[in-house]
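Hi there,

Here is the structure I promised to pass on. Have a look at it first, and then read on for what turned up.

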Amino acid sequence: MEKRNRTRGRRVLFGLKEELCRLLVEESADGVCVLTGGRVEYCNAAFLNLMGLKAEEIEAAGEGIIWRDLPPVGRERVEDWRRYQSEARNPLPSGALRFVSKAGRSLALNLNAVRGKKERTIILARDITELYNCHLRLQEQEKILAGMIDEASTPVFVVQDGRIRFANKVVFEVFGYHPEELIGTGIDLYLMEEEKGRILQLYEERLTQKPIKKRWEMGLKHKNGHRVDVEIEVNLVSYDGVPAEIVIMHDITARKEMEIFQARALAKIRAAFGATIRVLNNLVEAKDPYTGGHQKRVADLSRTIATEMKLSAEQVDGLRLAAEIHDIGKIIVPSEILSKPGVISESEWGLVKNHVKVGYELLKDIEFPWPVAEIIYQHHERLNGSGYPRGLKGEQIIIEARILAVADVVEAMSSHRPYREAHSLEETMAEIEKNKGILYDEKVAEVCLALFRKKGYNFSFNRR
Ligand SMILES: [Fe+2]
């Protein structure tokens with residue numbers, strides 16, 4: 001009884017396996033085909049679909065109906081299968097093959113074949129057309145990209161672990177090396193000695209993923225030893241599956257040379273301006289000895305205040321030069337008025353006040369790189385609008401003129417004039433303190449007070 005039950009159980013199991021197997025094969029999304037002795041013994045629906053064939057066509061035909069239009073590599077594969085079959089070897093060669101379905105659709109199938117019993121060849125076919133086409137497109141794009149990089153007019157490198165893995169053709173024109181000479185060599189070999197430390201440190205920081213700028217300027221060694229100035233742009237990429245940097249270089253040697261040329265030209269222009277200023281200063285001094293020395297001292301104090309206030313180097317330069325000639329307009333004021341020991345008349349005072357307008361008119365058409373004429377025009381304006389000639393207020397007065405105004409008052413009060421004695425430092429500072437934020441810019445006044453009271457600034461260096 002027990003034996004009979006066991007036999008019956010085996011039959012049920014066998015029947016179940018057969019049914020499962022049939023279901024799996026028939027419903028499979030992958031094609032299944034069985035070949036026997038050159039004929040097609042079985043094809044599932046998926047295989048017929050892939051090949052664009054009908055069941056009756058398969059029944060009537062030999063296996064040639066499947067292998068028609070195969071490319072040479074496919075024919076070789078089928079021959080290999082036959083050979084393996086005859087040599088009783090397993091598994092049979094597998095892999096992707098291109099097919100053309102009966103409807104003319106181009107397919108890529110991944111074929112796995114095994115040798116079955118009774119000289120059967122069982123083929124499992126998976127449609128990988130989409131994947132294969134993607135792969136082909138990717139390969140084509142890579143080829144185009146590689147061509148573009150190789151033919152690019154600017155040097156492109158791939159650097160991995162500090163060594164050059166790729167360089168395009170144009171590197172020869174820029175650095176004198178053929179790409180194959182560079183491959184495998186360390187980047188440090190091509191850095192200028194004086195920049196090696198800085199660049200290698202940047203490289204290390206980049207590897208630690210620190211946020212650093214993408215574009216660097218640096219000097220590299222040409223094969224003949226001379227320096228090539230370049231600007232590089234670095235981007236992280238994956239090269240052969242390993243992180244690397246793609247480095248795009250721009251030769252900026254010509255730009256650098258132009259910058260040096262421009263800097264020299266600018267220095268010459270500045271020197272010429274300086275000489276012009278000195279001539280103008282001497283001109284005023286010849287007419288009014290008080291004004292000449294006054295301007296030099298005011299220029300020094302203005303520069304010192306502006307530097308303390310962290311104005312740009314450009315602004316400091318412009319202010320210093322403007323201050324050196326800020327009373328240039330006094331050349332139209334008769335010497336006897338400038339040196340008059342007593343009180344001057346209303347009309348004489350009008351003439352003196354007009355020096356700011358005259359100074360502006362004299363200089364306004366000269367193309368200084370700084371607003372020299374405007375600084376001079378505004379140096380007697382006061383924060384509350386009580387100044388002259390236009391009664392400008394607050395920030396209507398440019399910062400250079402607000403500084404010059406304070407320096408001018410401080411120097412004038414601490415100097416002897418034909419019509420009065422010099423004020424003491426305390427009296428002068430008291431005037432600035434009293435009127436800071438009223439007549440004088442508050443910040444400028446505070447910086448000036450600190451200079452004299454805490455930092456030991458004085459005019460003695462230039463006092464005659
Ligand atoms: Fe003045």
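A residue counts as buried under 20% relative accessible area, as exposed over 50%, and as partly exposed in between. By that scale Lys 221, at 24%, is partly exposed. Please keep in mind that this is a predicted model.

Let's start with the charged side chains. Side chains of opposite charge can pair when their charged atoms come close.

Glu 193 is exposed, with 52% relative accessibility. One of its salt bridges is with Lys 221, where the closest N and O atoms are 3.7 Å apart. That pair links distant parts of the chain, since Glu 193 sits in helix H9 and Lys 221 in strand S8, 28 residues apart. Glu 193 also meets Lys 196 in a salt bridge, at 3.2 Å from N to O. Here both residues lie in helix H9, three residues apart, or about one turn of the helix. Lys 196 is partly exposed, at 21%.

Next comes Glu 195, whose side chain forms a salt bridge with Arg 227 at 2.8 Å, N to O. Glu 195 belongs to helix H9 and Arg 227 to strand S9, so this pair ties together parts 32 residues apart in sequence. Glu 195 is buried at 11%, while Arg 227 is partly exposed at 31%. Shared partners join Glu 194, Glu 195, Arg 198, Arg 227 and Asp 229 into one network of salt bridges.

And the cysteines? The disulfide count is zero. Cys 134 is partly exposed at 40%, whereas Cys 448 is buried at 0%.

Enjoy exploring!

Key. Residues numbered from 1 in each chain as written. Predicted model: local features only at pLDDT ≥ 70, side-chain atom pairs only at ≥ 80, totals over all residues. Heavy atoms only, no water. Disulfide = S-S within 2.5 Å. Buried < 20%, exposed > 50% of the residue type's maximum accessible area, 1.4 Å probe, protein only. Salt bridge = Lys/Arg side-chain N within 4 Å of Asp/Glu carboxyl O. Helix = DSSP H or I, 4+ residues; strand = E, 2+ residues; numbered from the N terminus.
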